[in-house]
Amino acid sequence: MACMSVLTRDEAQNRAQLLDVHRYAIELDLTTGDETFDSRTLIRFTVLADQDDTDTFVEVKPAELRSVTLDGHPLDPQTLDGNRLPLKDLTPGEHELHIDAAMHYSRTGEGMHRFTDPADGETYTYTQLFLDDVQRVFAAFDQPDLKAAFDLTVTAPHTWTVLANGTTEHLGDGRWKAATTPLISTYLVAVAAGPWHSVRTEHRGLPFGLHCRRSLAPHLDADAEELLDITRACFDRYHEKFTQPYPFDSYDQAFVPEFNAGAMENPGLVTFRDEFVFRSAVTDTQRQTRAMVIAHEMAHMWFGDLVTLTWWDDIWLNESFAEYMGYQTTAEATRFTDTWTDFGVTRKPWGYDADQRPSTHPVAPEDVQDTASALLNFDGISYAKGASALRQLVAWLGEEDFLAGINTHIDRHKFANATLTDFIDSLASATDRDVHAWANAWLTTTGVDTLTPELHTDNGHWHLTLHTPPTDGPGRPHRITLGLYDHDLHTPHGLTPRTPLETDLSTTGTTTLSAPGPRPALLVPNDGDLTYAKIRFDDESARTLHTRLSGLPDPLTRAVVWNALRDAVRDGDLPPTTYLDTARTHLPHETDLALVGGVLAFAATHITDRYITPDERPAALATLTDLCRDLIRRTEDGDHPGLRLIAVRHRIDTAAHPHTIAAWLAEGTVPGGPELDPELRWRILTRLAVLDATDETAIAAELADDPSATGQEGAARCRAALPHEDAKARAWDALFHTDALSNYLFTATAQGFWQPEQADLLRPYVARYYKDAVTLAARRGPAIAEAAGHWAFPVHAVDPETLRLGQKCLRKADPTPALRRKLVDQLDDLARALRVQQQA
């Protein structure tokens, strides 16, 4: 296989100085078989005058390159070198390049993904062209700053519908033509073709559509009005925020199978993972997450699509902005008004964790030399930390000045590209504050500040010293709220808030202030969660929290506290068992679903599986089981179905013995509800497989009852979880030695394979993992490499030998960039888990 070249920043800059790309005319034929499709591309471009070197290249990754002509003259297809077709000695002026190729369908969610629905045999295809996968679908000058207009024609089976960035017209005989796009980047071109079930409407004179697989039609129809209401509300709210109107001719949202990301902001055709079409019961927090993703992707229509980054070092300009706007706009425009609590307990820890690993990078890195490096930066820093920084910026600037700067930026760079410097200059035009200094402190540094308070009293006053040791580089300005709370004398475990204090922290690292009266029983730095920093508590505040955490009146404050306890566990400053005891004490009284879910998830996946020793694990699981029982009892009145669902899910996952959950499966219901839907049935069967309390016959019977795509994944997960040598051998072979598994089936199999209860059986596979993962990643590409590093890593094997083997792999095995990044992160988390176990 020819070696594929990644595009460097220098190459992109040189090509942008040489070329002005005007228009693509793309013809795709999806009727040529199951393995490949035909792709014919016409590119009209200008070579600019006064260039010393007029050699360049166009990118394409074909199954077969049939012909190439430049200005009517044939070029030799054999000159294709990997993914680069050289264009030599170009003359200044207008040119036309024609490329005819056959292209491979993908089974990994990259390029043109092809999926056959096991529920009804219908086939669907869709594109995911992000970063550099456009080359898998059509030839292109593939970099974000060479924007062009796109004309697209697709030939598809007669029963299919074709969706694209613009409205599509059926020309007859299975041929579809999409409206010409405005100027957009190559990675934003989108096609989705198949026998879609569609719900269509109009809003503000624009066509709006929802699309999914036919087998999911009843579930989409059940939620269509909720989805459209959220879409309309966010659309209207963005038109209040932004002076530029929506810049495209329609707004379609397609829920597509086996999608690697949460969603993709293709202009006019946003693609979502179709798990967002809920086929089983979900909590209101899950509905809120779906609403936030809708708002996030819609924000990209302006910030990312209308104005696009110049190079991938500014990916945060896309993702941080959309992340911030997604949460903020959902809170403003929909019934989900408490989104920042969910952000605080689920998204923000993602940023904190990423920022404390060796692979950390600035929000706005300066050393993104090529596209392979850029792909690694789609992480908790570019999303969660960047959004947190923007939230702090809004608190510091004020929303009016922030939006004024944003609108200046969009007006200046619409249908073009922009850089960090452009963005900061636009913000600076709207305020007297030193935005450039703010950006230098927040966006070009790494690491998490920690706010540590000291309190004392004298002469009728209490005094606070707040330490913020500066990270490398300039000290960060923090505008925070100090939450002050006293014991509620009328409620045994209650807390009464005082008037909070707002302050700007000194960038030197120490801030002091004083106030009259007795010291508060509890001081919460960063109450309201407006900045990005870890916090600690003084001794008296810690004692208050031990007995009264659930008495804090605001769920966002409780999220700040739970995050602080989580950070303290990870840093070895709080024993993991103390966190479990705190959860056991206070979670039965919690009312916020995001907090209950977030705390239980950390307790189950980090504490019981990694941060305590195997000898301590049974007691920890028993604590979580008792906690879930309490929550289930509390919700017997039926008034809290979301809370009950969370408790039932975690009761299943923490079951140390099969009897109770096996009875639920046999009866088809949890006593008092809920009845078992497919998600709960597969969850129980997976846990029974781990506990060796089911078999292949039961798995096959369940799959016969639910032959859907998620049923196939559930069966793969269960089969890999069976604690038998032959089951593990088959699963390992499917993961690493054949390429038959799609991206989703790979993930499901990997999720089932490693189980803490099966450590002895799995020990031989730990050493095999590193060698096989390196080979797999090189063979199957970045998406599977990422999945292999994430889901197939032996996270349960918290011992020095696993760490030693991994470090040796990094030194000697030369894993691909995507796998290397995941291994660096996993090994750092492993080393942290070892330290926590040793300190506990």
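Where does Asp52 lie? I looked this up in the model, which is predicted. Asp52 sits in the loop that runs between strand E2 (36–47) and strand E3 (56–59).

**Entry on surface charge.** I next recorded the exposure of Asp52. Its relative accessible area is 86%, and I count Asp52 as exposed because this value is over the cut-off of 50%. I then looked up the charges on the surface. Asp52 belongs to a patch of negative charge there, in which Asp50, Asp53, Asp55 and Asp89 also gather.

**Entry on aromatic pairs.** I searched the whole structure for aromatic pairs and noted 47. One of them joins Tyr238 and Phe242; the pair is stacked, with 5.5 Å centre to centre and 0° between the planes. I checked the burial of both residues. Tyr238 is buried, at a relative accessible area of 0%, and Phe242 is buried as well, at 3%.

I also looked up Trp562 and Tyr579. This aromatic pair is edge-to-face, with 5.5 Å centre to centre and 65° between the planes. Trp562 belongs to helix H12 (residues 555–570) and Tyr579 to helix H13 (residues 576–586), so the pair ties together parts that are 17 residues apart in sequence. Is Trp562 buried or exposed? I found Trp562 buried, with a relative accessible area of 2%. For Tyr579 I noted a relative accessible area of 2%, and this residue is buried too.

**Entry on the ring cluster.** Finally, I followed the ring pairs from Tyr238 and Phe242. Both residues are part of a cluster linked by ring pairs. Its other members include Phe208, Phe235, Tyr246, Trp302, Trp316 and Phe423.

Note on methods:
Residues are numbered from 1 along each chain as its sequence is written. This is a predicted model: local features need pLDDT of at least 70, side-chain atom pairs count only at pLDDT 80 or more; totals for chains, interfaces and linings use all residues. Side-chain values use heavy atoms; hydrogens and water are left out. Patches are made of residues with over 30% relative accessible area and no salt bridge: like charges are joined within 9 Å, nonpolar side chains (Val, Leu, Ile, Met, Phe, Trp, Tyr) within 5 Å. Accessible areas come from the Shrake-Rupley method with a 1.4 Å probe; for residues, only the protein chains shown count as cover. A salt bridge is a side-chain nitrogen of Lys or Arg within 4 Å of a carboxyl oxygen of Asp or Glu. Lys and Arg count as positive and Asp and Glu as negative; His and the chain ends are not counted. The place of a charge is taken as NZ of Lys, CZ of Arg, CG of Asp or CD of Glu. Helices (H or I, at least four residues) and strands (E, at least two) are DSSP runs, numbered from the N terminus. Buried means under 20% relative accessible area, exposed over 50%, partly exposed in between (1.4 Å probe, protein chains only). Rings of Phe, Tyr and Trp (its six-membered ring) pair if their centres lie within 6.5 Å; planes under 30 degrees apart count as stacked, over 60 as edge-to-face and the rest as tilted.
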